[in-house]
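Welcome! Shall we walk through some together?

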Amino acid sequence: MARRIKTAAKKRNTAEAILEAAERLCATHGIEAMSIRDVAAEVGVSIPVIYHHYESRSNLLRMVALNRFSEIGREYQELLTALEAQKSPAVRDIIRAVLQPVNQWRRPGREASLQFYALALVCPLPEVKETLDVGVAGFYRVVALLERALPHLTH
């Protein structure tokens, strides 16, 4: 039983190390330039190990994006929910709710996350764009809040 737990933990650590290396390489060289070979060299694993965990480069990129955006998504949702409970939310509070979760990546040691986020916003690769589009759909809540805060403006 203990051996299975150690094996599962090692697999999880390897998968996380692969994600972190992929994010760093994307941030350093660009998302389009990130290669499985470079990630394998960075982590110190074979290329098949990466394919075992993620099946393809596209899935690896998709998981890096999902991992990053889910990290800030919880805080973002909580902030929006609190604003939605207010009768007339302030515009500054709405803008803060949009920017504050991303701001955590400005801390030392999180530079790759912030750089990946910035590059992902303009990345033409379908797997990255599709992942971002899911998050953008949630932006309708922000628009609805802005409409309440600024009723004199049209949608």
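What follows is a set of questions and answers about the labels used for this model.

Q: What kind of model is this, and which residues count towards its features?
A: This is a predicted model, in which local features need pLDDT of at least 70 and side-chain atom pairs count only at pLDDT 80 or more, while totals for chains, interfaces and linings use all residues. Residues are numbered from 1 along each chain as its sequence is written, and side-chain values use heavy atoms, with hydrogens and water left out.

Q: What does L61 touch, beyond residues up to four places away in sequence?
A: L61 touches C26, I31, M34, L125, E127 and V128, where contact means heavy atoms within 4.5 Å.

Q: How do you know whether S56 is buried, exposed or partly exposed?
A: The relative accessible area of S56 is 23%, so S56 is partly exposed. Its place is the loop between helix 3 and helix 4.

Q: And what makes E55 exposed?
A: E55 has 62% relative accessibility, and therefore counts as exposed. E55 too is found in the loop between helix 3 and helix 4. It has a positive phi of about 70° although it is not a glycine.

Q: What makes a group of residues a nonpolar core?
A: The name is for a set of buried Ala, Val, Leu, Ile, Met, Phe, Trp, Tyr and Cys residues joined through side-chain atoms within 4.5 Å. The largest one here has 28 residues, of which I31, M34, V39, L60 and V128 touch the most other members. Two or more residues each come from helix 1 (2-29), helix 2 (36-43), helix 3 (47-54), helix 4 (57-84), helix 6 (111-122) and helix 7 (126-137). Helix 1 gives the most, with seven residues. A second, separate core of eight residues includes Y76, L80, L83 and L145.

Q: How do you know that I31 is buried?
A: I31 has a relative accessible area of 1%, so I31 is buried. I31 lies in the loop between helix 1 and helix 2. Leaving aside neighbours within four places in sequence, I31 is in contact with residues including C26, R57, L61, F116 and V128.

Q: Why are helix 4 and helix 7 called roughly parallel?
A: Axes are lines fitted to C-alpha atoms, for helices over the stretch in contact, and angles run from 0 to 180 degrees between N-to-C directions. Angles under 35 degrees count as roughly parallel, over 145 as roughly antiparallel, 65 to 115 as roughly perpendicular and the rest as oblique. The axes of helix 4 and helix 7 come within 9 Å and cross at roughly 30°, which makes helix 4 roughly parallel to helix 7.

Q: What is the handedness of the crossing where helix 4 passes helix 7?
A: The crossing is right-handed. A crossing is left-handed if the near helix is turned anticlockwise from the far one by less than a right angle, and right-handed if clockwise.

Q: Which residues form the contact of helix 5 with helix 8, and what are their classes?
A: V91, I94 and V98 in helix 5 meet V142, L145, L146 and A149 in helix 8. By class, that is seven nonpolar, no polar and no charged residues. Ala, Val, Leu, Ile, Met, Phe, Trp, Tyr, Cys and Pro count as nonpolar, Asp, Glu, Lys and Arg as charged, and the others, Gly among them, as polar.

Note on methods:
Buried means under 20% relative accessible area, exposed over 50%, partly exposed in between (1.4 Å probe, protein chains only). Helices (H or I, at least four residues) and strands (E, at least two) are DSSP runs, numbered from the N terminus.
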